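Biologist: I am new to reading protein models. Could we go through this one feature by feature?

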Amino acid sequence: MRLPFLLTLPRVLRHSAAIGADLPPDEAVVVDAPDTALRTALTSATEGDHGPARELLAATREHTQWELRDGYVSRLAEAALHNPGWLDAWLTESPEDPDAALVRADLCIDRAWEIRTAERAKHVSREQFRAFFALLEDAAPVIGRAAELNPADPVPWRIALTHARGSQVPRDVFDEYWAQALARDPHHYGCHAAALQYLCAKWWGSHEEMFGFAESAADTAPPGSKLHALPLSAALEYVVVSPTPGTPAGPDPYAPRVAAAVARALDLSAAYGPGSHEAAGFRNHLALMLLRTERWDEALDAFRSIGVHATKYPWGYFGNDPRQEFLETRSGVRIHVATQTPFFGRPPQPRTAHAATPVWTPGAPCAVAIAAARPADVAQAALMCGVSLRTAPATATHTYVEAVPEARPAKRSVLSTEDPLTTAADNFTTGEKWPTLVLRRAPERCGLTLFRKGRPLATHEWNATSPAPDHATVAATAEALSRAFALTDPRPLTHILRSTGNPPRHQSDLLAALSLPPLPPGFGDRPEVLDTLPDARVLTRRGLLAGMRSTMTTQDGEHPPAPNGHEPRPPSWWLLRILGLLLFTAAAVHAWSTPDDRPLRTTTATLAALYTSARLTSAWRQRRRARGGAAAASE
């Protein structure tokens, strides 16, 4: 462990709970969350119905909402990549529909890139390249047909620009595509972003050309346009995605342009409200660029402005799970801000207005666990989990568990990137033979994590807008669930886990197949659903020492009492502590006033006096609080 970390650890422990306390909880963060209309279209498409998608794209075409249309087409093409039946039915029914043709054109590009992958060229095999170019050649007439069916639409030309990059067309062909895109919408962000990729150094341009293109577009963009963030995309490409290998001699020639791009993006972000869905794309890029330049306070503000709207990129550049990368990066920024805050100083305040206290809204994520044990057994196991829990009997042998929100969570759990209940289950199942299933629910997805002996054995998520998951992965999850809950045949579980379209129903079906109690009434509608159940009890969070003491003193089969309950101290307790304080204080004064005394004796007497004083002060405060509560109750 490095010395600088040890020196800053006290600051982290002191300030970690306060810094970033106004950020949305980790369990609320979603990646590329669709809006309500798109969610409906994706859910219906997953179930084989193309009607909502047809109506959605027809509305964007009629109202010339090209930016919105571009985003919708990309998501619908992604949905059709592994589940094309609904698009095939749409094209069969309406072969001349410009919207269906546009989704098909984007799908052709997605299929080609899925085979090529996003790896650098040196990691792509010759067979992959051969299939990639063949699919791109087949896509050309499909893109052309989409452009013919709706001549005013710039989106086919965004697809054509992406096609140009992959198929390695010469510059004059790219210029022709770019001219066609400009003629239809000179400020279309999607077309500019596609052109920027063609012009970057890792493809067919250079750093200089890329920055010049992005800055020119931003200079001519109208106020509030997302094109003002295009230089930020160039800066991200230069700094993160394709940095120049080695350290060049002298100052970085592009450092001033990177700083100017970040400044532009900060100004643009200030024009959007906190948590704006529309601004989420460039705000995620902005957060990454700010932390890359070690502007930690501003990076934390950027995460505040992002809210729950994480995006696949840039976080997908660093791992296969963009959401986890986002959460871990956000947690790391909080730690860095804490290390730079003086121990007795105040944490930095947000530079922009944000809600300090999260407000529950219908459909916000919530979680509940089902443990195959009695409430008293769960409470005994959870004495040191660091989270306040509520338990309620589900059956004679099963217990519902949920996390109780706290105004000031424990320091040892505040920086965890898991939701509080998952963090607690990881702790309270340690050493226990009974399994626990943590169930989560959000508007468009439902998930589960299986814990046993402190280990997460399986995890799964149903997403209304995603295709069916991989069969091998689902089969392994079903096998783990079958072993944990003593089922002989995991095949029914596999079928439920692969189901799509209705996550809450599939989640409930799985519990029935496992012979577990149903989810408590109200789950998904409000954050705490166990408070109305019979015999529900709260296990209040304990400190580490208090938890150890309760573990050793509470009898098996009993629900531990709440910690810190005030017990009246007998007069003898007060007398002995006061006499001890006088004795230790006198010894400390004598030791410090005697130059030749031993240092160990001086230190021991001083610490004993301070400890006794702290115990007396704490007991006196508890006594006053107890008297105040009794007076309020009598009134």
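Modeller: Gladly. Begin with an arginine. R257 sits in helix α13, residues 255-270. Keep in mind that this is a predicted model.

Biologist: Is R257 buried or exposed?

Modeller: Compare its relative accessibility with the cut-off. Buried means under 20%. R257 has 19%, so it counts as buried.

Biologist: Which side chain does R257 join in a polar contact?

Modeller: That of E215. The polar contact between the two side chains is 2.9 Å.

Biologist: And which residues touch R257, leaving aside neighbours within four places in sequence?

Modeller: E208, F211, G212 and E215.

Biologist: Now a whole helix. How do I check the length of α4?

Modeller: The expected span is 1.5 Å times one less than the number of residues. Helix α4 covers residues 66-80, which is 15 residues, so it should span 21 Å. Its end C-alpha atoms are 21 Å apart, and that agrees.

Biologist: Which residues of α4 are buried?

Modeller: W66, R69, D70, Y72, V73, L76, A77, A79 and A80.

Biologist: What covers them?

Modeller: Other helices are part of the cover. Among them are α2 (36-46), α3 (51-62) and α5 (85-93). The cover also includes α6 (98-116), α8 (155-167) and α10 (189-199).

Biologist: Let's turn to strands. How do side chains point along one?

Modeller: In a regular strand they alternate between the two faces of the sheet. Now look at β3, residues 366-371. C366, V368 and I370 point one way, while A367, A369 and A371 point the other way.

Biologist: Which strands pair with β3?

Modeller: One is β6, residues 436-442. The pairing is antiparallel, over six bridges. Here C366 has R441 as its bridge partner. Another is β5, residues 399-403. That pairing is also antiparallel, over three bridges. There A369 has V401 as its bridge partner.

Biologist: Step back. How many helices and strands does the chain have?

Modeller: It has 26 helices and nine strands. Of its 635 residues, 46% count as buried.

Note on methods
Residues are numbered from 1 along each chain as its sequence is written. This is a predicted model: local features need pLDDT of at least 70, side-chain atom pairs count only at pLDDT 80 or more; totals for chains, interfaces and linings use all residues. Side-chain values use heavy atoms; hydrogens and water are left out. Buried means under 20% relative accessible area, exposed over 50%, partly exposed in between (1.4 Å probe, protein chains only). Helices (H or I, at least four residues) and strands (E, at least two) are DSSP runs, numbered from the N terminus. Two strands pair if DSSP finds at least two bridges between them. A polar contact is a pair of N or O atoms within 3.5 Å; within protein, one must be able to donate a hydrogen and the other to accept it, and residues adjacent in sequence count only if both atoms are side-chain atoms. Contact means heavy atoms within 4.5 Å.
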